[in-house]
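Here's a quick briefing to read with the structure open beside you. Take a look at the fold first, then come back for the notes.

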Amino acid sequence: MIRQAGPTDLVALPEVERAADELFAPLGIVFPPGTTVIEGCDDPARVIVAGRPPVGFALLGVVDGLTHLEQIAVHPSHANQGIGTRLLEAVCAITAMQAGLAARTTADPTTTAMHTPAARAATAAVTLTTFRDVPWNAPWYARRGFRVIPPREWGPELGALVEHERALGIEVAPRVVMRKDL
C-alpha cells in the first residue's frame, strides 16, 4: 500500500534507508557517516511510504520550482517486488495532478494539500540526482522515463545541490542529474 506518511512513520524510515544504502558497499560506494537523508525531514507531507509499517519511502522537495526526488529507498528484505516502481509512480502522479491543479486554480495557501512539495512545484516535472552506473539507479530511472540532463539545463538550486553532494563526499562514483517531464 502506497500512502502519505504520517508523523509516526518518520521514526522507522532511517533504518530503511540505512539497510538500502548497504547495497552500495559491494560496489565500493560507502556513504559518508552521519545522519541519513530522511533524518533531516520532520515534515511527513514530504514523504510517501510503502507499507504499514513502512518498508520503503520517497522523500520529496522542491528545487528550482520543480518536484525533486531527494531519496527513494526500499528495505532489501522487500526488494524486487515493485515497491520502488510504485513509489516512483506515486511521486509522478502526485506531481502531475498537483501541478495541473495549481495551473488551473488559485489554491488557498492555508490548505494542507498546497503545502506538499508537488503542490509548491507548479510545473509537472520531477528531478533527481543518482549514480550513473549503478543498475538500480540511473538505468532504472531511464527505463521509467527519466533522462539525464546536462549542467546547462540545471537551475541554480540544482547546481548548488550537486555541489553540496560533492562536498559531503557523495561524488564517489559518477553521478548524473535526471528529469522526467510529466
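Which residue in β2 is the bridge partner of I2? That would be A50. Keep in mind that this is a predicted model, with an average pLDDT of 87 for the protein chain.

**The sheet**
- Seven strands make up an open sheet with mixed pairing, and their order runs β1-β2-β3-β4-β5-β7-β6.
- The edges belong to β1 (2-4) and β6 (147-148); each has a single partner strand, so one side of each goes without a neighbour in the sheet.
- For β1, the pairing with β2 is antiparallel and covers three bridges.

**Helix α1 on the sheet**
- Helix α1 (residues 13-21) packs on the sheet, where it touches β2, β3 (56-63) and β4 (66-74).
- The direction of α1 makes about 75 degrees with that of β4.
- Seven of the nine α1 residues are buried, so this helix is largely enclosed by the rest of the structure.
- Those buried residues are L13, P14, V16, E17, A19, A20 and D21, and they pack against β2, β3 and β4.

- In the protein chain, 85% of the residues score a pLDDT of at least 70.

Methods:
Residues numbered from 1 in each chain as written. Predicted model: local features only at pLDDT ≥ 70, side-chain atom pairs only at ≥ 80, totals over all residues. Heavy atoms only, no water. pLDDT = per-residue confidence, 0-100. Pairing = 2+ DSSP bridges. Helix = DSSP H or I, 4+ residues; strand = E, 2+ residues; numbered from the N terminus. Contact = heavy atoms within 4.5 Å. Axes fitted to C-alpha atoms, helices over the stretch in contact; angles between N-to-C directions. Buried < 20%, exposed > 50% of the residue type's maximum accessible area, 1.4 Å probe, protein only.
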